[in-house]
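Dear colleague,

The chain comes first, and my notes on it follow.

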Amino acid sequence: MELTEDALARIIRDVIEEHVGQVAAPAADPWKRDPSGVIGIDAPKVATQPFPFPLDVPANSVRLIDLLTLDESPRVGCGLMEMDATSFDWTLKYDEVDYVIEGTLELILDGRTMRATAGQVLYIPKNTPLRFSTPDKVRFFYVVYPANWSQQ
């Protein structure tokens with residue numbers, strides 16, 4: 001009998017249940033990768049992480065996750081960002097498109113405010129100095145070009 005990864009996981013779960021009690025099923029991987037290179041992502045199941053650069057904001061009020069690696073997509077990057085009642089200054093060194101999934105995203109540019117709510121899109125050209133802001137909470141999907149935005 002061949003011992004597959006699924007069979008081993010089932011055995012471990014059964015042993016734990018027998019000795020400890022009910023165990024929740026493991027979370028499904030939100031990334032589905034086809035051998036062709038096509039990648040599908042179940043975005044609502046993807047958890048964000050603390051922003052990787054220092055910001056003068058409360059801890060965990062800005063979170064994000066890149067959805068593709070540079071190996072998977074060396075030209076165009078994308079990810080999810082969440083902000084919680086906060087704002088921060090940023091100058092983009094790349095072109096960016098933001099699609100608001102929920103909440104309100106505000107871009108403050110020389111005292112003017114561009115606002116987008118769920119279902120709306122904002123385009124930000126390279127070298128734009130601005131302030132990202134939200135009065136409450138926002139979750140948005142971003143696309144950046146070039147993909148290596150974090151190395152800019």
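**What surrounds Leu107**

Beyond the residues up to four places away in sequence, Leu107 touches Arg112, Thr113, Met114, Leu122, Ile124, Leu130, Arg131 and Phe132. Please keep in mind throughout that this is a predicted model.

Leu107 also belongs to the largest nonpolar core, which holds 23 residues and in which Met81, Met83, Phe88, Leu105, Leu107, Phe132 and Phe140 touch the most other members. The elements that each give two or more residues to this core are strands S4 (62-66), S5 (77-84), S6 (87-91), S7, S9, S10 (129-133) and S11 (137-145). Another core lies apart from it and has six residues, among them Ile65, Leu67, Cys78 and Leu80.

**The chain as a whole**

Of the 152 residues in the chain, 32% are buried. Among contacts with a separation of 6 or more, 63% are between residues 24 or more positions apart. The chain exposes about 9700 Å², of which carbon and sulfur atoms supply 54%.

On the surface, Val97, Tyr99, Ile101, Val121 and Tyr123 form a nonpolar patch whose accessible area together is about 450 Å². Strands S7 (95-109) and S9 (121-124) each supply at least two residues of the patch, and the largest share, three residues, comes from S7.

**Salt bridges**

A search of the whole structure finds five salt bridges, and I describe some of them here. Asp89 forms a salt bridge with Arg131, with the closest N and O atoms 2.8 Å apart. Because Asp89 lies in strand S6 and Arg131 in strand S10, the pair ties together parts that are 42 residues apart in sequence. Asp89 is exposed, with a relative accessible area of 53%, while Arg131 counts as partly exposed at 28%.

The side chains of Glu106 and Arg115 also meet in a salt bridge, at 2.9 Å from N to O, and Glu106 is buried, with a relative accessible area of 12%. In a further salt bridge, the side chains of Lys45 and Asp42 meet at 3.3 Å, N to O; Lys45 is exposed at a relative accessible area of 53%, and Asp42 is partly exposed at 32%.

Trp90 is found in strand S6, and it counts as buried because its relative accessibility is 19%, where the cut-off for buried is under 20%. Trp90 and Leu130 are 40 residues apart in sequence, yet their C-alpha atoms are 5.6 Å apart in space.

Thr86 has its place in the loop between S5 and S6 and is buried, with a relative accessible area of 8%. What is Thr86 in contact with, leaving aside its neighbours within four places in sequence? The residues in question are Val57, Pro58, Ser61, Val62, Phe132, Ser133 and Thr134.

**Backbone points to check**

Most residues other than glycine have a negative phi, and most peptide bonds are trans. Against that background, Ala85, in the loop between S5 and S6, has a positive phi near 45°. Asp110, in the loop between S7 and strand S8 (112-117), likewise has a positive phi, of about 50°, although it is not a glycine. Asp110 counts as exposed, at 76% relative accessibility. Finally, the peptide bond from Tyr145 to Pro146 is cis, with omega near 0°, and Pro146 lies in the segment after S11.

With best regards

Notes
Residues are numbered from 1 along each chain as its sequence is written. This is a predicted model: local features need pLDDT of at least 70, side-chain atom pairs count only at pLDDT 80 or more; totals for chains, interfaces and linings use all residues. Side-chain values use heavy atoms; hydrogens and water are left out. Buried means under 20% relative accessible area, exposed over 50%, partly exposed in between (1.4 Å probe, protein chains only). Contact means heavy atoms within 4.5 Å. Accessible areas come from the Shrake-Rupley method with a 1.4 Å probe; for residues, only the protein chains shown count as cover. Patches are made of residues with over 30% relative accessible area and no salt bridge: like charges are joined within 9 Å, nonpolar side chains (Val, Leu, Ile, Met, Phe, Trp, Tyr) within 5 Å. A salt bridge is a side-chain nitrogen of Lys or Arg within 4 Å of a carboxyl oxygen of Asp or Glu. Helices (H or I, at least four residues) and strands (E, at least two) are DSSP runs, numbered from the N terminus. A nonpolar core is a set of buried Ala, Val, Leu, Ile, Met, Phe, Trp, Tyr and Cys residues joined through side-chain atoms within 4.5 Å.
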